[in-house]
Amino acid sequence: MHILIGHPSRSIFLMAWAIFSVFPSVAQLKNQVRVSINFHEIDKDRLSVDFDDGVVLEPVDLSGVDSVLVINKPVYTPYPTIRLTYDRKSGLDYFINSDGATLNLFYDANRTDTPFYSDANPNFTAIYDSITNEMYRDLRRGQQAELNKLNDLFKKHGHEIGSNDSIKYELTTLIKTINAKSMDFMTSYADHFFSFYYFKSQVLGLTNMIVPDPEYYKSLLIYYEKTFPQKFRFTGEGKQITATLQKKISLVHLGENMPIPEVYFKDSHGDTIRYKNQKERFVLLDFWASWCGPCIQQIPDIKILREQFTEESLNIVSISIDTDSTRYENCKKEHKLDWVHSLDRGGTRSASLGISSIPTVLLLDPDGKIVYYKNGGKLDIEKIGAIVRKKQRKN
């Protein structure tokens, strides 16, 4: 199991716009947001909450929460978002447009149509509301033919998309057509945050389903830079979009027997971490985050490697994509991670290396060549140990 970095694309059938007039000015929301959610007849075991700070979409830990959930986090966007899902099917998505806001969440089995719902609150704006959103209705109407074809394609040939070239081509053509219509529509509303968010969550989200195409990604980057104002592009969220597109354009693919690209990280002291020309020392790069369950499960294996080899023969470097530095530091202390660490907030530099999901582990030889690569799944510490020992025996 592995976790995708960035913002996983929500259902392509939930594409929506929000009404700009219900939002306050961008300057009203500070770079830290605190919101409260009151539970009314809510079974927490059936509820999942995901918070998007503009850079990372991560699940909220509900353990220890009674009837009130408080989220207090830094944000890197004018409007962070929250997704509430009940029974893995009923979902509510909101923009948070005011600090200190409170939302009441209800479950009533007698409401057969919408048993899971919230109260009306001007500090939260429903993202996917086709009833009140004229912009969304106009956009959807213009794409309806392609969306119907996309639905039919998945119903009839979804199992062939990964293996049938003609199906891949049809899927790519449909998605590019849908995106072109979206971008043409958004150009008239470029100064609205909704267009910016829609470009990130839907246009870029759909590109994850097609064969990598550097020239297409280049056209998307040109559109992005020419269309949206600096007040959006120069936020942490906007910079991550730029980095994501640049990564797709450069198409960095890591694998065994490949040299590590010239991308470096800073350790906790601010010093550059070197992993080339290391004389006799190997370097293990561990990309992780405190909120990533599989990453935490992998810690015992990394500790075994730390016990087996000295720092002179194996330098272990954990690179976190956390955005919450307090949570990151607490996690290091809790698990007693006594090796080199780097905080790559939001994973921007990791993305430039082609790291798109975590946990990912690379073992580099003294020259900086990748001799072991693992993305998700269980770490093969026996293989890693054998590689390091073989080099030691030669010397």
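This report walks through some helices, strands and single residues of one predicted model.

## Before we start

The model is predicted, so local features need pLDDT of at least 70 and side-chain atom pairs count only at pLDDT 80 or more, while totals for chains, interfaces and linings use all residues. Residues are numbered from 1 along each chain as its sequence is written, and side-chain values use heavy atoms, with hydrogens and water left out.

Helices (H or I, at least four residues) and strands (E, at least two) are DSSP runs, numbered from the N terminus.

Two packed helices are described by the angle between their axes and the distance between the axes. Here, axes are lines fitted to C-alpha atoms, for helices over the stretch in contact, and angles run from 0 to 180 degrees between N-to-C directions. Let's begin with helix 2 (residues 165-186) and helix 3 (residues 193-207): their angle is about 170°, and their axes are 10 Å apart. That makes helix 2 roughly antiparallel to helix 3 (angles under 35 degrees count as roughly parallel, over 145 as roughly antiparallel, 65 to 115 as roughly perpendicular and the rest as oblique). In contact (heavy atoms within 4.5 Å), Ile175, Ile178, Asn179, Ser182, Met183 and Met186 of helix 2 meet Ser195, Tyr198, Phe199, Gln202, Val203, Leu206 and Thr207 of helix 3. By class, the residues of this contact between helix 2 and helix 3 are eight nonpolar, five polar and no charged. For these classes, Ala, Val, Leu, Ile, Met, Phe, Trp, Tyr, Cys and Pro count as nonpolar, Asp, Glu, Lys and Arg as charged, and the others, Gly among them, as polar.

Helix 3 also packs with helix 4 (residues 214-227), at an angle of about 180° and with the axes 12 Å apart. That makes helix 3 roughly antiparallel to helix 4. From helix 3, Phe196, Phe199, Val203, Leu204 and Thr207 take part, and they meet Tyr216, Tyr217, Leu220, Tyr223 and Tyr224 of helix 4. The contact of helix 3 with helix 4 has nine nonpolar residues, one polar and no charged.

## Helix 8 and what follows it

Which residues of helix 8 (residues 325-335) are buried? They are Tyr328, Cys331 and Lys332, where buried means under 20% relative accessible area, exposed over 50%, and partly exposed in between (1.4 Å probe, protein chains only). Seen down the axis of helix 8, these buried residues fall within an arc of 100°, so they line one face of the helix; the arc is that of the directions from the helix axis to the C-beta atoms. Covering them are, among others, strand 11 (282-288), helix 7 (293-308), strand 12 (314-320) and strand 13 (340-343). On the other side of helix 8, Thr326, Lys333 and Glu334 are exposed.

Just after helix 8 comes lysine 336, with a positive phi of about 55°. Lysine 336 sits in the loop between helix 8 and strand 13 and is exposed, with a relative accessible area of 62%.

Serine 342 is in strand 13 and is buried, at a relative accessible area of 2%. Its side chain reaches the backbone oxygen of lysine 266 at 2.6 Å. This is a polar contact: a pair of N or O atoms within 3.5 Å, where, within protein, one must be able to donate a hydrogen and the other to accept it, and residues adjacent in sequence count only if both atoms are side-chain atoms. Beyond four places away in sequence, serine 342 touches Phe265, Lys266, Ile273, Ser318, Ile319, Ser320 and Tyr328.

Aspartate 52, in strand 3 (residues 47-52), counts as buried at 3% relative accessibility. The side chain of aspartate 52 reaches the backbone nitrogen of glycine 54 at 2.8 Å.

## Around strand 15

The peptide bond from isoleucine 358 to proline 359 is cis, with omega near 0°. Proline 359 belongs to the loop between strand 14 (357-358) and strand 15. In strand 15 (residues 360-364) lies leucine 363, which is buried at 0% relative accessibility. Leaving out residues up to four places away in sequence, leucine 363 touches residues including Phe282, Leu314, Tyr372 and Ile384.

Leucine 364 is found in strand 15 too, and at 0% relative accessibility it counts as buried. Which residue is 107 residues from leucine 364 in sequence and 9.4 Å from it in space, C-alpha to C-alpha? It is asparagine 257, which lies in the loop between helix 6 (236-250) and strand 11. Asparagine 257 is exposed, with a relative accessible area of 59%, and has a positive phi of about 70° although it is not a glycine.
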